[in-house]
Amino acid sequence: METHFWMTTDSVRADLQQTQANHGGNNVVFFDSGPGKLLHSLIYFLACPVMMLVAISTNLINVTVFLRAGLNDGMTITFLGLAVSDLLYNVFYCMGRLLNAVHSVFGSRPYLNTFHLSYIFAKHGRMWFNVSVLLTVYAAIQKTACIAIPLTFRSFFTRRKSAITVIAIYLAVVTYFLPFLTLDQLQPYMERGTNRTRLGYSLRNRNMAGKIQDFVTYANRIILPYVSQGIVVICVIVITFKLRSAAETRRKMTSTNNDCDTDLNDETVGSVGDEKGKKNAESGRTNNSGSGVLSLRELRVIRSVNILCAIFIAGTTPQTIIGAFNLAFPEFGDFGAYYSVYTFTQAFQQLMEITSTAVNILVYYHFNSKYRRTFEAIFKRNIEDTNSKSETQTS
């Protein structure tokens, strides 16, 4: 017989109150007081949604710019995949947060329980964030291998292989989450206290769902954060060391031969149609690939990946700390003695994650001149079109 597990807010509130009574009110006073709850609400219902809107806007720009600039190399394809997953993460989380606000902030109680529905959107958002995590790890490994053993790996991470890897990461994460997502369903239920029928969230099989949810939660909070962050930290250390060595080598080469710096920016090619620049760029790439010396273009790409990794570490560190505390102290959780502290740290952790997905555009714009030129061309054209329309209407 099919078993249903109803996530009614009354039952959740009752469980929390009973937990607090059982543990004698062990919560930290500040987080369970008026100022603490206000700060939590400001982060959860104001700061996070605002940053989500910023992240959605910046990643829409990233996707547009990368597509307009052309997917001519493996790293651009990886960055495009990262922008798409960051965009989907923020869209689903933003929808979930809006649905939660309908219930928690505005107190609306429509037939469809928006609080329950927000949980489904949050699960999908977590899936896309996992894609972003794995793509960041892949970008870090790719650049670390190219800088550590350039003659072996420089030609290994081709455009085609990068595209296949990005698609494989998407498919692997969706397949991994599929059993977790297919357990969800919406069914009518009788709401406690009001005796009215509402459409709410349920699980198809509570026993199976509990096992799957425990495994996914453990993987998301412990395995994936620690493994991915460990790999990225190692990559950052290697990249930082190699960048210093490459910079010193380039300074020595520049002092002996002023012609070494023909490949000056991300694209070494000047303006469109600059045939001389194109020839110099091709010559510089050929010489560098043969000698193992990194070009300035490669140095810029590697620096951008290094900064993206640092942003990733800053954005995921709170999750690793929360996961460690939750594992060591089971009472540090949704239904534990320290649930108010836990929910506050969860809100802060989500704010850090969202912020890390919103600031990538600054790295792309600063370090990638091809991105910068395409970005400026798009917005310059839009501004010119707007001005021309306004002038036409005025005349």
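Which helix holds Arg373? Arg373 lies in helix α12, residues 369-394. The views below show a predicted model, in which local features need pLDDT of at least 70, side-chain atom pairs count only at pLDDT 80 or more, and totals for chains, interfaces and linings use all residues. Residues are numbered from 1 along each chain as its sequence is written, and side-chain values use heavy atoms, with hydrogens and water left out.

**View 1. The whole protein has 12 helices and 2 strands.** Helices (H or I, at least four residues) and strands (E, at least two) are DSSP runs, numbered from the N terminus. The order from the N terminus is α-α-α-α-α-α-β-β-α-α-α-α-α-α. Of the 395 residues, 43% count as buried. Buried means under 20% relative accessible area, exposed over 50%, and partly exposed in between (1.4 Å probe, protein chains only). The accessible surface comes to about 20,300 Å². Carbon and sulfur atoms own 64% of that surface. Areas come from the Shrake-Rupley method with a 1.4 Å probe; for residues, only the protein chains shown count as cover. Among contacts (heavy atoms within 4.5 Å) with a separation of 6 or more, 77% join residues 24 or more positions apart.

**View 2. Arg373 of α12 is shown with Ala69.** Arg373 is partly exposed, with a relative accessible area of 39%. Arg373 and Ala69 are 304 residues apart along the chain. Their C-alpha atoms are separated by 8.8 Å.

**View 3. Helix α9 meets helix α10.** Helix α9 spans residues 296-328, and α10 spans residues 339-358. Their axes come within 8 Å and cross at roughly 160°. That makes α9 roughly antiparallel to α10. Axes are lines fitted to C-alpha atoms, for helices over the stretch in contact, and angles run from 0 to 180 degrees between N-to-C directions. Angles under 35 degrees count as roughly parallel, over 145 as roughly antiparallel, 65 to 115 as roughly perpendicular and the rest as oblique. The crossing of α9 and α10 is left-handed: the near helix is turned anticlockwise from the far one by less than a right angle (clockwise would be right-handed). From α9, the contact includes Ile311, Pro318 and Asn326. From α10, it includes Tyr342, Phe348 and Met352. By class, the contact of α9 with α10 has 7 nonpolar, 7 polar and 1 charged residues. Ala, Val, Leu, Ile, Met, Phe, Trp, Tyr, Cys and Pro count as nonpolar, Asp, Glu, Lys and Arg as charged, and the others, Gly among them, as polar.

**View 4. Helix α2 passes α10.** Helix α2 covers residues 34-69. The axes of α2 and α10 come within 9 Å and cross at roughly 15°. That makes α2 roughly parallel to α10. The crossing is left-handed. The contact of α2 with α10 has 15 nonpolar, 8 polar and no charged residues.

**View 5. Helix α4 crosses α9.** Helix α4 covers residues 114-148. The axes of α4 and α9 come within 10 Å, at roughly 140°. The two helices are therefore oblique to each other. The crossing is left-handed. Contact residues of α4 include Phe129, Val133 and Lys143. Those of α9 include Val305, Cys309 and Phe312. The residues of the contact of α4 with α9 divide into 10 nonpolar, 2 polar and 1 charged.

**View 6. Val232 sits in helix α7, residues 206-256.** Val232 is buried, with a relative accessible area of 0%. Beyond residues up to four places away in sequence, Val232 touches Val137, Cys309, Phe312 and Ile313. Val232 and Phe312 are 80 residues apart in sequence. Their C-alpha atoms are 8.4 Å apart in space.
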